[in-house]
Amino acid sequence: MTQVTFQTTILGGLPVEVTAGIAPAEPDVGINYPYAEDFELCFLSGHSCPASIYDRITAREWDTLEEEALNR
């Protein structure tokens, strides 16, 4: 698994640093394309985002974060 780190905004403009693992396709289990997992979000100060931030991220935003991670 490869790891990527990038800066983006979430929740309408909150700047964060995102670290995610990029896993290769696994056709033997039905996953035919690479995917991102194990997201870690930090404020730009380096402090980890609390669980309440993760809870507020919509499914659509998670999809956007995955796209950003895969395009790095």
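Me: What pattern does the protein follow, read along the sequence?
Reply: This is a predicted model, where local features need pLDDT of at least 70, side-chain atom pairs count only at pLDDT 80 or more, and totals for chains, interfaces and linings use all residues. Residues are numbered from 1 along each chain as its sequence is written, and side-chain values use heavy atoms, with hydrogens and water left out. Helices (DSSP runs of H or I, at least four residues) and strands (runs of E, at least two) are numbered from the N terminus. There are two helices and three strands, and the pattern is β-β-β-α-α.

Me: Where is Leu11 placed?
Reply: Leu11 has a phi near 50°, positive in a residue other than glycine. Most residues other than glycine have a negative phi. Leu11 sits in the loop between β1 (2-10) and β2 (14-23).

Me: Is Asp38 buried or exposed?
Reply: Buried means under 20% relative accessible area, exposed over 50%, and partly exposed in between (1.4 Å probe, protein chains only). Asp38 lies in strand β3 (residues 35-43), with a positive phi near 55°. Its relative accessibility is 56%, so Asp38 counts as exposed.

Me: Which residue forms a salt bridge with Glu68?
Reply: A salt bridge needs a side-chain nitrogen of Lys or Arg within 4 Å of a carboxyl oxygen of Asp or Glu. The count by this rule is one. Here the closest N and O atoms are 3.8 Å apart, and the partner of Glu68 is Arg72.
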